[in-house]
Amino acid sequence: MKTILSSFVFTALIGSAAVAQQDTSMLDRIYKTSFYDGQAYDNLRYLTKEIGHRIAGSKRAEEAVLWSKKLMEEMAFNTVYLQDVQVPYWDRGMKEEAYVLPSREPLQVLALGGSVGTGNSGLSAEVLEVELLSDLKKHGDAVRGKIVFVNKPWDESIVETGAAYGLNSSQRSRGPAEVAKLGGVAYLFRSLSSSRIDDYPHTGGTRYVEGIDSIPALAISAVGAIRLSEILKENPKSKVFIRNTSQWNGVANSHNVIAEWRGTEKPDEIITIGGHIDSWDIGEGAHDNGTGTMGTLDAIRTLMKLGYKPKHTIRLVFYMNEENGVNGSMKYGETAKAKNERIVAAIESDAGGFAPRGFDIKASAEQVQWIQKEWKPLFEEKFWVSRFLQGSPGVDSGVWGRHFPNTIMFNFRPDPHRYFDLHHTAKDVFEAVDKRELQSGVAAIASLLYLVDQQLDLLQ
Ligand SMILES: [Zn+2]
């Protein structure tokens with residue numbers, strides 16, 4: 001009995017060693033192909049330089065859709081198609097203007113996504129500065145007629161910059177309604193920037209509440225916020241002039257772009273991979289999210305180039321309208337649910353194209369432990385990819401995932417230090433992306449996709 005057991009254990013060990021060896025050599029080949037032959041960087045150049053930024057509903061967003069579809073059609077996918085999505089179309093209008101009165105010292109501002117305009121003549125008013133929206137209650141009637149300036153600095157001590165972003169971002173979305181409720185005339189929000197020496201304003205979505213007046217809402221650069229605060233300390237009666245002409249232009253027809261690489265063993269089981277193709281309407285949408293779309297596409301291209309045959313169907317999805325509505329991921333989820341599809345795993349890339357660090361995983365604690373034990377060693381020493389932690393799945397996967405609560409989801413995590421310096425600004429351009437870092441991320445994603453496809457059954 002003892003001998004039989006030992007020989008069984010021995011065989012199992014040899015088997016798993018062989019599998020690990022096979023995985024190690026596959027990962028080596030993936031990394032080599034990505035570094036020597038990757039096309040993510042060149043594709044990103046086209047997306048950012050030839051097409052440019054691409055807010056949902058715009059002509060450029062549709063250009064990006066049609067170009068992406070063509071890219072996918074040139075690959076060995078079995079099917080490529082567009083999925084209709086209705087999106088709201090918001091237009092920024094003329095370049096925003098803001099300055100202090102009476103000095104006319106300029107302030108760098110950007111309308112928040114979804115903001116109404118001030119009209120061509122602009123508006124000027126005294127400014128009430130607070131750190132938190134909840135402080136407004138203390139000021140009672142003093143809010144009436146004022147521009148409310150929320151000046152909450154970024155917590156620079158938090159290395160996971162996404163968490164620092166999360167601490168302040170709800171003030172961006174809730175601000176205009178809370179200020180309008182108390183009679184404020186406009187909302188000025190300190191940009192969500194990881195740097196105090198940043199004079200670029202960062203846009204991002206905001207929202208209004210039905211039944212409460214919609215007031216203009218603008219982001220001010222971190223440098224501008226610090227300066228305005230100093231001016232208000234010297235002269236609390238200073239006024240600020242702002243002008244923006246942004247407006248909503250109804251609903252537009254748009255699309256998700258989808259491509260499928262049919263599985264050879266389990267074609268009805270789908271692994272969804274991708275990111276959002278839209279961007280804010282400034283900069284070039286390079287890190288957010290050109291790298292995520294071009295990177296996931298190139299991860300699949302890398303596996304194709306190596307002659308890989310997937311067991312499961314691999315479905316690449318470029319979602320429309322993540323930035324101001326998530327209508328693309330809602331449509332994707334509703335459609336997949338209505339068709340009763342079996343989406344067994346998902347990978348999303350929407351955190352920039354910096355050097356890869358790992359993946360956040362939406363799965364049970366046991367599943368994450370298994371991944372840490374079996375997969376993490378394949379990445380850690382050689383490729384410097386070591387973060388495999390339970391976490392959130394990414395915005396788009398999170399939205400459609402409400403229909404698929406049991407799907408294991410992976411959220412690509414590159415180095416977080418510089419992302420929120422560029423995020424939603426004019427600085428998010430092609431030149432801010434490093435080719436080697438990007439292709440290293442492509443290799444990490446392709447490696448994960450390979451492991452998920454090969455070993456998903458062991459995980460479940
Ligand atoms: Zn994004």
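Trainee: Into which domains is the chain divided, and where do the bounds come from?

Mentor: The chain is divided into domain 1 (27-90 + 250-459) and domain 2 (93-245); the bounds come from an automatic or database domain assignment. This is a predicted model, in which local features need pLDDT of at least 70 and side-chain atom pairs count only at pLDDT 80 or more, while totals for chains, interfaces and linings use all residues. Residues are numbered from 1 along each chain as its sequence is written, and side-chain values use heavy atoms, with hydrogens and water left out.

Trainee: How many residues does each domain bring to the contact?

Mentor: Domain 1 gives 15 residues and domain 2 gives 24 residues, where contact means heavy atoms within 4.5 Å.

Trainee: What area do domain 1 and domain 2 bury between them?

Mentor: About 1400 Å², with 63% of it on carbon and sulfur atoms. Buried area is the accessible area (1.4 Å probe) that two parts lose on being put together, summed over both.

Trainee: What makes the pair K427 and D198 a salt bridge?

Mentor: The term requires a side-chain nitrogen of Lys or Arg within 4 Å of a carboxyl oxygen of Asp or Glu. The side chains of K427 and D198 meet at 3.2 Å, N to O, so the pair qualifies. Across the interface of domain 1 and domain 2 the rule finds two salt bridges.

Trainee: Why is H202 called buried?

Mentor: Buried means under 20% relative accessible area, exposed over 50%, and partly exposed in between (1.4 Å probe, protein chains only). H202 has 3% relative accessibility, so H202 counts as buried.

Trainee: Where is H202, and which residues does H202 touch?

Mentor: H202 sits in the loop between β6 (186-190) and β7 (217-220); strands (E, at least two residues) are DSSP runs, numbered from the N terminus. Not counting residues up to four places away in sequence, H202 touches several residues, among them L110, A219, F420 and H424.

Trainee: Why is H276 also put in the buried class?

Mentor: H276 has 0% relative accessibility and therefore counts as buried. H276 lies in strand β10 (residues 266-276).

Trainee: What makes H276 and D350 a polar contact?

Mentor: A polar contact is a pair of N or O atoms within 3.5 Å; within protein, one must be able to donate a hydrogen and the other to accept it, and residues adjacent in sequence count only if both atoms are side-chain atoms. The side chains of H276 and D350 are joined at 3.1 Å, so the distance meets the cut-off. The side chain of H276 also makes a polar contact with the side chain of E322, at 3.3 Å.

Note on methods: Helices (H or I, at least four residues) and strands (E, at least two) are DSSP runs, numbered from the N terminus.
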